[in-house]
Protein chains: 2
Amino acid sequence: MARVVVDVMLKPEILDPQGRAIAQKLPQLGFDGVTAVRQGKRFEVEIDGEADEAALDRVRKIAETMLANPVIETFDVRVL
Amino acid sequence: MARVVVDVMLKPEILDPQGRAIAQKLPQLGFDGVTAVRQGKRFEVEIDGEADEAALDRVRKIAETMLANPVIETFDVRVL
């Protein structure tokens with residue numbers, strides 16, 4: 001059994017209102033020095049067997065199909 | 001300027017219906033071999049200056065205050 005992480009973030013050119021809302025609120029809470037926040041998703045995928053290249057390819061297909069929207073998001077797959 | 005990542009995941013003992021829904025759907029889409037999926041959040045926080053220990057401490061306080069709910073979630077802060 002292995003655990004694979006899939007990070008999904010909006011593409012840089014796509015507006016991220018959630019992240020922007022957080023960044024704007026921080027100074028009011030006394031947190032200075034943050035210039036931007038982007039919010040994305042993180043998935044931990046537990047797979048049978050080893051996280052070899054074939055397994056990672058399968059997880060990439062899963063990410064493309066279900067976890068990310070490739071039109072507006074990018075994703076990154078790595079072994080935990 | 002530095003970029004710091006905050007990963008936020010539900011604690012292992014907290015039920016994750018979104019992750020479970022994804023895991024249950026995968027076999028119907030032809031993806032076998034996935035035993036579990038957990039869904040969390042990933043934040044990219046851009047800060048002024050260097051990501052030294054003081055800056056990371058500040059980001060940890062931000063994570064505790066705004067990005068995670070420490071009752072049901074854990075978070076991890078690291079430099080990108």
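Over all chains, the structure, a predicted model, holds 16 salt bridges, a salt bridge being a side-chain nitrogen of Lys or Arg within 4 Å of a carboxyl oxygen of Asp or Glu. One of them joins A:Arg3 to A:Glu46, with the closest N and O atoms 3.1 Å apart. This pair links distant parts of the chain, as A:Arg3 lies in strand 1 of chain A and A:Glu46 in strand 2, 43 residues apart; helices (H or I, at least four residues) and strands (E, at least two) are DSSP runs, numbered from the N terminus. Residues are numbered from 1 along each chain as its sequence is written, and chains are lettered from A in the order in which they are written. Local features need pLDDT of at least 70, side-chain atom pairs count only at pLDDT 80 or more, and totals for chains, interfaces and linings use all residues, while side-chain values use heavy atoms, without hydrogens and water.

Chain A can be laid on chain B with an RMSD of 0.0 Å by a turn of 180° and a shift of 0.0 Å along the axis, the superposition being by least squares on the C-alpha atoms of residues with pLDDT of at least 70 in both copies. The two copies are therefore related as by a two-fold rotation axis. Of the residues of chain A, A:Lys41 comes closest to this axis, with its C-alpha at 2.2 Å.

Contact (heavy atoms within 4.5 Å) involves 31 residues of chain A and 31 residues of chain B. The two chains bury about 2,800 Å² between them, 65% of it on carbon and sulfur atoms; buried area is the accessible area (1.4 Å probe) that two parts lose on being put together, summed over both. In chain A, the residues that lose the most area to chain B are A:Phe31, A:Arg42 and A:Met66, together 21% of what that side buries.

Across the interface, 2 salt bridges are found. In one salt bridge, the side chain of A:Arg42 meets that of B:Asp7 at 3.1 Å, N to O. Strand 1 (2–10), helix 1 (17–25), strand 2 (34–47) and helix 2 (53–67) of chain A each supply at least two residues of the side that touches chain B. Strand 2 of chain A contributes the largest share, 14 residues.

Strand 2 of chain A and strand 2 of chain B (residues 34–47) run antiparallel and are joined by 13 bridges, where pairing requires that DSSP find at least two bridges between two strands. Within this pairing, A:Gly40 stands opposite B:Arg42.
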